[in-house]
Amino acid sequence: MPLSRRTTLTQFLIEERRRFPDASGDFNALILDVALACKAIARSVAFGELGGVLGGHAAAEGGAVNVQGETQQKLDVLSNEVFIRMNEWGGHLAGMASEEMAAPRQIPAQYPRGKYLLVFDPLDGSSNIDVNVSVGSVFSVLRAPHDAIEQGRDVSEADFLQPGSQQVAAGYALYGPTTMLILTVGNGVNGFTLDPNLGEFMLTHPGLRVPAETQEFAINASNSRFWETPVKRYVDECLAGKTGPRGKDFNMRWIASMVAEAHRILMRGGVFMYPRDTKDPGKPGRLRLLYEANPIAMVMEQAGGRASTGREPMLGVVPTALHQRIGLVFGSRSEVERIERYHAEPQPCKDPANPLFAERSLFRAA
Ligand code: AHG
Ligand code: MN
Ligand code: MN
C-alpha cells in the first residue's frame, strides 16, 4: 500500500496547537480520547448482531429507560460506558454529562481532575441500530468554572448550564458506510475519515462549508398536525414547489438520526427542523440542547450555516436544565433565516371566526 500523504487527526491537532505556544496539550489529549471512544463504538456498531449488541437493554443489567423516559438500547448503554472509560482517566476533565445519565458524572478519586467538561450523546439515532441505518455520537467540550478547577471539587448540574457560544470544541462521529469524525475547535470545520487499516482518522474534508442555498428539507412530517404556524407555512411553501411562492421544487429526507441529517446538510446543504410543537406541552421540542442542539449548532455556524430555535440563535440560549429539550432548526443559512423570519412575523389568529384576531390585525394572538 502506498504511503498515505494525508494528515492524521493527531498531526492536525498538534499543528493547530503550534499556533498557541502556551497551550498545555490537555485539549489535544482530550480530543484524541474522544476520538478513541468513537473508534471503539464504531467497532461495536460494525459487528451488529455478531457482537450481540443489538436490541433493547435489559433492566436487570442497569436500567431499560433513561432519564428522558426513553427505552435504552444495548448500544446506548455500551456507548455511554465507552465514553466514560476512555475519558475519565486522562486528567483533562472536571466532569462529564450524557443523555444516558440523569446527573453529571464525577471523575473517580483515583484520577486527576482537569479543566474541561465533556457533554455527549453517546449514540444518536438509536432507533436505527436494529435496522442497520447510520447512527453516530455527538460531543461538546466546555470549560469548567474556575472554582471547580481550582478546588478540584465535584461538578454540579449548574456548571454545565453554559450557552453554546461558550463551547471550546464540538463535533460528531458518524457510523455510516464509512466512519467519519467531524470536528470544530472554533476555527472552521474539518472532516476526518477512519482508515480501517490503520485505525486512524485521516483529514479528508478540510474546511467544510454548508452551501448557503438549498432545495432539500428534513422534518418528521408525521408531526405536522402539531406544528406551529411558521413551520407549517415554510413546509407548505416547499411542498408547493415550482408553482408556489418559492418558485422551485424541493426534495425531502428524514433519516431519524440527527447526526446523519447534519452530515448530509454539511456536505450538500439543506435544512433540518425538529421544531417546538404542541404534541406534548411538557416537551418544548424533541432534541436536547446541551448534547444535541449546541454541538451541531457550533458545527453548522463554523461551517457558514446557521442554527436556531426558530426564534433566536441556538448558541445564545442560556440552558436551564441538563436534559432540557428545545426546538432545533439548522442548515443552509438562507433557509434558516427564512424560517426565523416566519417566526418573527405576526402570527395568525387563534380564532379564525373572529376578524379582529385575523393575521396582521392589531389584536393578533401572542
Ligand atoms: P437519540 O437516539 O439520541 O435519542 O436521538 C434520536 C433523535 C434524533 O437523532 C432524530 O433526529 C430524532 O430523534 C428522530 O425522532 P423521530 O423518531 O421523532 O423522527
Ligand atoms: Mn440523540
Ligand atoms: Mn442518544
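Student: How far is an oxygen atom of ligand 1 from an N or O atom in the side chain of E292?

Tutor: 3.5 Å in this predicted model. A polar contact here is a pair of N or O atoms within 3.5 Å.

Student: And what about Y274 and W254?

Tutor: A ligand 1 oxygen is 2.5 Å from a side-chain N or O atom of Y274. For W254 the distance is 3.0 Å.

Student: How much of ligand 1 does the protein bury?

Tutor: 86% of the 480 Å² that ligand 1 exposes when taken alone (Shrake-Rupley, 1.4 Å probe).

Student: Which elements give two or more residues to the shell?

Tutor: β3 (116-124), β11 (271-274) and β12 (287-288). Strands are DSSP E runs of at least two residues. β3 gives the most, with three residues.

Student: How many residues surround the ligand?

Tutor: 18, each with a heavy atom within 4 Å. The closest are D124, G125, N220, M258 and Y274.

Student: Why does ligand 1 lie between two domains?

Tutor: Because domain 1 (3-205) and domain 2 (216-357) both give residues to its shell.

Methods
Residues are numbered from 1 along each chain as its sequence is written. Chains are lettered from A and ligands numbered from 1 in the order in which they are written. This is a predicted model: local features need pLDDT of at least 70, side-chain atom pairs count only at pLDDT 80 or more; totals for chains, interfaces and linings use all residues. Side-chain values use heavy atoms; hydrogens and water are left out. A polar contact is a pair of N or O atoms within 3.5 Å; within protein, one must be able to donate a hydrogen and the other to accept it, and residues adjacent in sequence count only if both atoms are side-chain atoms. Helices (H or I, at least four residues) and strands (E, at least two) are DSSP runs, numbered from the N terminus. Domain bounds come from an automatic or database domain assignment.
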